[in-house]
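Work through the exercises below with the structure open. Each task is followed by a solution in steps.

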Amino acid sequence: MRAICCAGAITLAACAVNSVTTEAQSLQVLDRELAAIAGDPARELTSLSVIALRGGEVAYERHFGRRFIDLSGRGADKPADANTLYRIASISKLVTTLGVMRLVEQGKLSLDADISNYLGYPVRNPQFPGIAITLRMLLTHTSSMRDDAGYYQFDANVNLRDMLVPGGALHADGAMWSRDHAPGTFFSYANLPWGVVATVMEKVSGERFDVLMARLVIEPLGMQGGYNPAALSPARLANLATLYRRRPAGESNDWNPRGPWIPQVDDYSLTAPVARAGNAYVPGSNGTLFGPQGGLRASARDLSRVMRMLAGGGMLEGRRFLEPESVATMLAPQWRHEGGNGESQYGDHRARFNEWGLGNQHFLDVTGPDYGDRLVRGGGFTAVGHLGDAYGLMGTLAFDPRSGDGLVFLVGGTGFDPETDRGTYSAAAGFEERIASALYRRAVQGRAD
């Protein structure tokens with residue numbers, strides 16, 4: 001019996017050692033794979049920051065490339081690292097939603113109330129004047145509000161009322177409203193609704209959006225970034241990634257893999273960021289100012305904290321941020337593509353959007369060459385989260401709230417047109433597929449083969 005027990009103990013010990021060895025090997029392989037993707041001479045990335053979660057805890061974090069390229073030749077490039085902040089594009093929408101949910105918990109907002117009651121003026125699609133527009137509609141892209149009249153980070157002198165209300169100076173022919181689909185009936189991805197969401201948040205709180213989000217979300221979650229670069233400390237501003245792409249010098253928007261790296265946004269090497277609003281700004285007049293739809297600066301580590309909190313049912317490191325019911329409401333399906341009830345295509349990326357929660361996309365593992373929302377090669381990883389794509393930034397935040405497995409990657413710019421690198425099993429770019437698949441296989445699943 002002693003011999004049997006001893007043999008069993010040896011076997012268990014050997015299995016444990018093999019497991020640790022395999023995991024270490026898988027992460028070493030992952031280091032090499034990601035370094036090769038980021039440094040591929042044919043498809044170079046300026047910077048790449050990644051984090052993978054397993055069971056709600058960080059299993060892997062690495063950073064590659066340069067957050068700043070010294071184009072003058074008089075200084076030095078700066079590497080991406082754990083403190084690097086990126087303008088995370090539309091992933092910002094998910095974080096903005098956290099602020100909404102906190103105000104809902106405080107009783108200051110209701111997801112299904114007429115937003116006109118908060119703003120103090122009527123907000124209606126002129127084609128459907130009898131239907132109230134709600135925060136739930138805005139957060140799920142079903143409000144019938146569009147970007148067709150243009151979407152801008154309006155300056156502080158603009159009142160959003162002038163765009164939303166017929167007869168206003170910015171309303172023109174009302175192209176920001178769908179003429180064919182009533183509020184609440186049709187999904188169409190848009191940015192303008194998030195400026196309206198932020199305006200509502202300002203109105204009920206009396207605080208400017210960037211300040212409000214710092215108090216409600218950024219600071220409580222221990223994040224290092226924010227919606228206002230001008231408010232970042234010197235140390236954090238120094239860690240802000242400039243977003244780039246290779247293109248011809250001058251004003252051209254064409255791609256040129258042999259051209260110079262051209263800063264697209266957040267190059268503060270010569271001049272400091274300019275404050276978007278002064279003391280005269282009236283909160284509740286123009287929530288677009290600080291980019292609630294795409295202007296958050298955050299690190300991959302910041303976003304991992306968001307994922308960990310949501311996967312933890314609103315808890316992070318022993319502290320409650322949201323009630324479990326709020327998390328469940330936010331992540332519950334609100335819209336699912338069923339043919340004629342919305343646009344699953346985004347641009348010419350087919351079946352990119354198939355289901356939506358409040359401020360978050362649901363990845364259903366739909367697949368096909370250059371088609372679908374599948375996250376990893378071979379499938380099997382269904383998740384919630386958000387994508388980001390603007391000014392050179394391309395990124396993904398995706399996690400399974402049941403298992404706590406997840407991944408974040410942020411790319412600070414590409415040396416090639418992403419449209420020339422189409423996905424083989426999804427509507428994502430090929431390099432995005434390769435990054436996500438490597439992270440999931442090596443860091444989440446722990447596979448070295």
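**Exercise 1.** Determine what share of the residues in the protein chain is buried.

Solution. The model is predicted. Take as buried any residue under 20% relative accessible area. Of the 449 residues in the protein chain, 56% are then buried. For the surface, the protein chain exposes about 18,200 Å², and carbon and sulfur atoms supply 51% of that area.

**Exercise 2.** Compare the radius of gyration of the protein chain with the value for a compact globule.

Solution. Start from the chain length: for 449 residues, a compact globule would have a radius of gyration near 22 Å. Next, take the value for the protein chain, which is 23 Å, and so the two agree. For the extents, the C-alpha atoms fill a box of roughly 85 × 60 × 40 Å along the principal axes.

**Exercise 3.** Describe the secondary structure and the contacts of the protein chain.

Solution. Count the elements: the protein chain has 11 helices and 16 strands. Then take contacts with a separation of 6 or more; residues 24 or more positions apart account for 66% of them.

**Exercise 4.** Find the cavities of 30 Å³ or more and characterise the lining of the largest cavity.

Solution. The search gives 1 cavity of 30 Å³ or more. The largest cavity has a volume of about 140 Å³. It is lined by 15 residues, and those closest to its centre are Arg352, Arg374, Leu375, Ser426 and Ala428. Sorted by class, the lining has 7 nonpolar, 3 polar and 5 charged residues. Assigned to elements, helix H11 (residues 430-444) gives the most to this lining, with 3 residues.

How values were computed: Residues are numbered from 1 along each chain as its sequence is written. This is a predicted model: local features need pLDDT of at least 70, side-chain atom pairs count only at pLDDT 80 or more; totals for chains, interfaces and linings use all residues. Side-chain values use heavy atoms; hydrogens and water are left out. On a 1 Å grid over the protein atoms alone, a cavity is a set of points where a 1.4 Å probe fits but cannot get out, and a pocket is an open set with protein on both sides within 12 Å along at least five of seven lines; lining residues have an atom within 4 Å of a point. Grid points are joined across faces, edges and corners, and a volume is the space filled by probe spheres set on the points. Helices (H or I, at least four residues) and strands (E, at least two) are DSSP runs, numbered from the N terminus. Ala, Val, Leu, Ile, Met, Phe, Trp, Tyr, Cys and Pro count as nonpolar, Asp, Glu, Lys and Arg as charged, and the others, Gly among them, as polar. The radius of gyration is taken over C-alpha atoms; the globule rule is 2.2 Å times the number of residues to the power 0.38. Buried means under 20% relative accessible area, exposed over 50%, partly exposed in between (1.4 Å probe, protein chains only). Contact means heavy atoms within 4.5 Å. Accessible areas come from the Shrake-Rupley method with a 1.4 Å probe; for residues, only the protein chains shown count as cover.
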